[in-house]
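Please look over the sequence and the model first, and then read the points below alongside them.

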Amino acid sequence: MESMNEEKELLEHVMKLMAEHFGKNCEIVLHDFMAPDNHTIIGIENGEVTGREIGGCVTNLGLEILNGKPAEDAFNYATYAENGHLLRSSSIYFHNSAGQPIGSLCINTDITDTTYFEKMLREAAQEAGVTLKQVSV
């Protein structure tokens, strides 16, 4: 792929699938790193998670990529939205035939309520004298 426009329709279709599947707390963002003036967002689903919209800019991680940091896929890292909400994020990068990053597809899931609920359960369990253990599946 030499430009994000080549596969934009397919990627937007995949974004819609992901947004419908994961729900309103999961934002899906498509970036085009060739867009002018750092207005890289060319597609977004559930933008209310971060308040971003088409025509918006990349995050600080995206800026690092635009400034030469290697564009390596990253999964399940923590970020914060401007409203202070805790997000679980993942990003994959698209490269042209020369190996240059040309865009990314990112998922940002608001896990603020989940972590708050977990904290409440742990505190309630501790008060009741119950020890909660993490279980591996």
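A residue is called buried when its relative accessible area is under 20%, exposed when that area is over 50%, and partly exposed in between. The model shown here is predicted, and by that cut-off none of the seven residues of strand β3 (residues 74-80) is buried, so this strand lies largely in the open. The protein chain has three helices and five strands, which follow one another from the N terminus in the order α-β-β-α-β-β-β-α.

**The chain as a whole**

- The C-alpha trace of the protein chain spans about 60 × 30 × 25 Å along its principal axes, and buried residues make up 35% of its 137 residues.
- The accessible surface of the protein chain comes to about 9,100 Å², and 53% of that surface belongs to carbon and sulfur atoms.
- Among the contacts in the protein chain with a separation of 6 or more, 44% are between residues 24 or more positions apart.

**Strands β3 and β4**

- Strands β3 and β4 pair in the antiparallel sense over five bridges, and Ala78 stands opposite Arg88 in β4.
- The two strands, β3 and β4, form a hairpin with five residues between them, and in the turn Gly84 has a positive phi of about 90 degrees.

**Buried residues and an aromatic pair**

- The count of aromatic pairs comes to one, and this pair is formed by Phe33 and Tyr93, whose rings are tilted, with 6.3 Å from centre to centre and 40 degrees between the planes.
- Because Phe33 lies in the loop between β1 (26-32) and β2 (41-45) while Tyr93 belongs to strand β4 (residues 86-95), the pair ties together parts that are 60 residues apart in sequence.
- Both Phe33 and Tyr93 are buried.
- Thr109, which has its place in strand β5 (residues 101-110), is buried as well, with a relative accessible area of 17%.
- Leaving aside neighbours within four places in sequence, Thr109 is in contact with Asn25, Cys26, Leu86, Leu87 and Arg88.

**Salt bridges**

- A search of the whole structure finds six salt bridges, including one in which the side chains of Lys8 and Glu12 meet at 3.7 Å, N to O.
- Lys8 and Glu12 are four residues apart in helix α1 (residues 8-22), and are therefore separated by about one helical turn.
- Lys8 counts as partly exposed at 24% relative accessibility, and Glu12 likewise counts as partly exposed at 30%.
- Glu20 forms a salt bridge with Lys16, in which the closest N and O atoms are 3.4 Å apart, and these two residues, Glu20 and Lys16, are also four residues apart in helix α1.
- Glu20 is exposed, with a relative accessible area of 57%, whereas Lys16 counts as partly exposed at 41% relative accessibility.
- Glu123 forms a salt bridge with Lys119, with the closest N and O atoms 3.7 Å apart, and both residues lie in helix α3, four residues apart, about one turn of the helix.

**Surface features**

- Tyr116, Phe117, Met120, Leu121, Val130 and Leu132 make a nonpolar surface patch of about 590 Å².
- Val130 has its place in the segment after α3 (112-127) and is partly exposed, with a relative accessible area of 45%.
- Glu48, found in the loop between β2 and α2 (60-66), is exposed, with a relative accessible area of 56%.
- The C-alpha atoms of Glu48 and Cys26 are separated by 9.3 Å, and the two residues are 22 residues apart along the chain.

Definitions and conventions: Residues numbered from 1 in each chain as written. Predicted model: local features only at pLDDT ≥ 70, side-chain atom pairs only at ≥ 80, totals over all residues. Heavy atoms only, no water. Phe/Tyr/Trp six-rings, centres within 6.5 Å; stacked < 30°, edge-to-face > 60°. Buried < 20%, exposed > 50% of the residue type's maximum accessible area, 1.4 Å probe, protein only. Contact = heavy atoms within 4.5 Å. Patch = residues over 30% accessible without salt bridge, like charges linked within 9 Å, V, L, I, M, F, W, Y side chains within 5 Å. Areas by Shrake-Rupley, 256 points an atom, 1.4 Å probe, with all protein chains shown as cover. Salt bridge = Lys/Arg side-chain N within 4 Å of Asp/Glu carboxyl O. Pairing = 2+ DSSP bridges.
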